[in-house]
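Here are my notes on the model. Please read them with the structure open.

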Amino acid sequence: MNVLYKIDGHWDSTVTLKDATNNAEVRVIYDAKQVISGLHTPFVKDPQSVWPTESALVWGKLNQAIITNNWEKAREAKNIVEETQRSLVKENESKGEIWIPKHFIVTHSNEDGWKCSPIQKWVPDAPIATI
């Protein structure tokens with residue numbers, strides 16, 4: 001088998017391409033640092049239009065604190081999320097309620113491990129945006 005091109009790298013690093021037929025120079029075809037640095041954190045445009053469990057809403061303050069390198073605020077936000085979750089679990093347990101996913105089915109087998117399958121084939125867009 002003849003190798004025409006050799007590609008090295010992953011989605012979170014620099015991906016390079018080398019023409020193996022003539023030992024040409026290596027070219028960068030994807031630079032994760034450049035691509036990822038241009039991304040913005042999602043935010044909820046209208047908090048009243050989503051469930052209080054929407055991840056962008058739940059983790060929004062923590063994400064923003066991390067992006068701005070405000071580690072004290074990030075710790076506080078993380079603790080609030082964790083305490084809220086613990087409180088909800090205790091409340092549900094005291095009522096004898098068992099949590100069941102609303103949008104997917106979780107299965108487990110020794111052969112396949114854990115699998116999550118969507119209940120519906122199409123999920124509507126969330127009111128979340130990035131700038």
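1. The charged end of Lys-102 sits over the ring of Trp-51, 4.6 Å from the ring centre. The criterion is NZ of Lys or CZ of Arg within 6 Å of the ring centre and within 35 degrees of the ring normal.

2. This is a predicted model: local features need pLDDT of at least 70, side-chain atom pairs count only at pLDDT 80 or more, and totals for chains, interfaces and linings use all residues. Residues are numbered from 1 along each chain as its sequence is written, and side-chain values use heavy atoms, with hydrogens and water left out.

3. There are four salt bridges in the structure (a side-chain nitrogen of Lys or Arg within 4 Å of a carboxyl oxygen of Asp or Glu). One joins Glu-82 to Lys-78, with the closest N and O atoms 2.9 Å apart. Both residues lie in helix H4 (residues 71–94), four residues apart. Another pairs Arg-86 with Glu-83 at 2.6 Å, N to O. Those two are three residues apart in helix H4, so about one helical turn separates them. Glu-91 and Lys-95 also form a salt bridge, at 3.2 Å, N to O.

4. Is Leu-62 buried or exposed? Leu-62 counts as buried because its relative accessibility is 10% (buried means under 20% relative accessible area, exposed over 50%, partly exposed in between; 1.4 Å probe, protein chains only). Leu-62 belongs to helix H3 (residues 60–67). Its C-alpha atom is 4.9 Å from that of Ala-74, 12 residues apart along the chain.

5. Trp-114, in strand E6 (residues 113–118), counts as exposed because its relative accessibility is 65%. Helices (H or I, at least four residues) and strands (E, at least two) are DSSP runs, numbered from the N terminus.
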